[in-house]
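Please read this briefing alongside the sequence and the 3D view. It is written for someone meeting the structure for the first time.

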Amino acid sequence: MRQDAPTLMTAPAVPATRRQRTAAGIRDSFSAGLGIFPLGIALGLLVLQAGLPWWFTPALSVSAFAGSLELLLVGMTAAVTPLAAVALTVLVVNFRHVFYAFSFPLHLVRHPVAKAYAVYAMIDEAYAVNASLPAAQRSAPRLLAMQIACEVYWVGGGLAGVALGAALPAPVKGLEFALCALFTVLTLDAFRSRREIPSVLLAGASVTVALVLTPGVALFTALLMFVGLLLARHARAARRPAEDACRPAEDACRPAEETADA
């Protein structure tokens with residue numbers, strides 16, 4: 001009798017050459033670019049409407065490659081915010097990138113200059129795109145190509161926004177709401193996950209308390225309070241497995257104690 005040969009499951013093909021891996025990284029950036037480029041346009045328009053020079057857009061995009069932070073810095077620069085307040089804002093808003101480094105595959109990038117750029121360009125979108133890739137398909141050329149493409153979308157969108165703002169006969173009203181709209185979308189995404197509902201409630205409580213107690217610096221107070229509440233929540237979640245592990249032992253001792261009392 002003839003037996004059919006077993007069907008072997010083949011792993012997805014991994015680009016072999018550097019050129020193929022670079023092309024794969026550029027393709028990976030397309031989904032992120034759909035959101036990065038329009039937000040860059042909003043940044044360029046917002047810079048002109050704030051009365052800042054056009055070159056401030058590419059200069060800010062290159063020196064501080066972080067979308068939400070840059071939109072904040074436009075308003076703070078136009079309002080001549082003290083440098084200490086700007087430094088605190090940068091620290092608090094971008095502190096999440098410290099945790100990105102724990103799982104971002106920086107070990108794949110060997111050259112020190114390339115690794116420095118990978119750290120600099122470790123934005124939210126780059127982290128999300130890389131996290132969706134299987135570990136076997138990750139490589140330094142693919143990672144760097146994706147990050148460079150994301151920065152091109154951001155800087156190019158900002159320049160397009162500057163050109164569009166210069167061509168418009170009148171400023172676009174309500175454009176400063178772009179940052180608020182961005183965080184509103186992120187908040188709605190958090191609500192879709194039941195696990196993140198407590199974090200959203202803690203954020204709402206932090207904002208409410210900050211507006212009541214320190215209305216002049218509500219943003220800083222809310223951010224610091226939210227970080228403290230998240231740390232407390234993390235500590236409580238870390239203690240819970242240990243408490244659950246102790247309960248079976250306590251329950252096992254109860255019948256013996258009840259028998260001894262009887």
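The points below concern a predicted model and are grouped by topic.

**Helices α1 and α3**
- The axes of α1, which covers residues 18-49, and of helix α3, which covers residues 67-78, come within 10 Å and cross at roughly 5°.
- Angles under 35 degrees count as roughly parallel, and α1 and α3 are therefore described as roughly parallel to each other.
- Where these two helices meet, L39, L43, L46 and V47 belong to α1, while E70, L71 and V74 belong to α3.
- The residues of this contact between α1 and α3 divide into six nonpolar, no polar and one charged.

**S61 in helix α2**
- S61 is part of helix α2, which is made up of residues 56-63.
- Because buried means under 20% relative accessible area, S61, with a relative accessibility of 1%, counts as buried.
- The side chain of S61 reaches the backbone oxygen of T57, at a distance of 2.8 Å.
- Not counting residues up to four places away in sequence, S61 touches L43, E70, Y120, E151, W154 and V155; among these, L43 in α1 and E70 in α3 also take part in the meeting of those two helices.

- W54 lies in the loop between α1 and α2.
- Leaving aside neighbours within four places in sequence, W54 is in contact with L48 and V162.
- Although W54 and L159 are 105 residues apart along the chain, their C-alpha atoms are separated by 8.4 Å.

Note on methods
Residues are numbered from 1 along each chain as its sequence is written. This is a predicted model: local features need pLDDT of at least 70, side-chain atom pairs count only at pLDDT 80 or more; totals for chains, interfaces and linings use all residues. Side-chain values use heavy atoms; hydrogens and water are left out. Helices (H or I, at least four residues) and strands (E, at least two) are DSSP runs, numbered from the N terminus. Buried means under 20% relative accessible area, exposed over 50%, partly exposed in between (1.4 Å probe, protein chains only). A polar contact is a pair of N or O atoms within 3.5 Å; within protein, one must be able to donate a hydrogen and the other to accept it, and residues adjacent in sequence count only if both atoms are side-chain atoms. Contact means heavy atoms within 4.5 Å. Axes are lines fitted to C-alpha atoms, for helices over the stretch in contact, and angles run from 0 to 180 degrees between N-to-C directions. Angles under 35 degrees count as roughly parallel, over 145 as roughly antiparallel, 65 to 115 as roughly perpendicular and the rest as oblique. Ala, Val, Leu, Ile, Met, Phe, Trp, Tyr, Cys and Pro count as nonpolar, Asp, Glu, Lys and Arg as charged, and the others, Gly among them, as polar.
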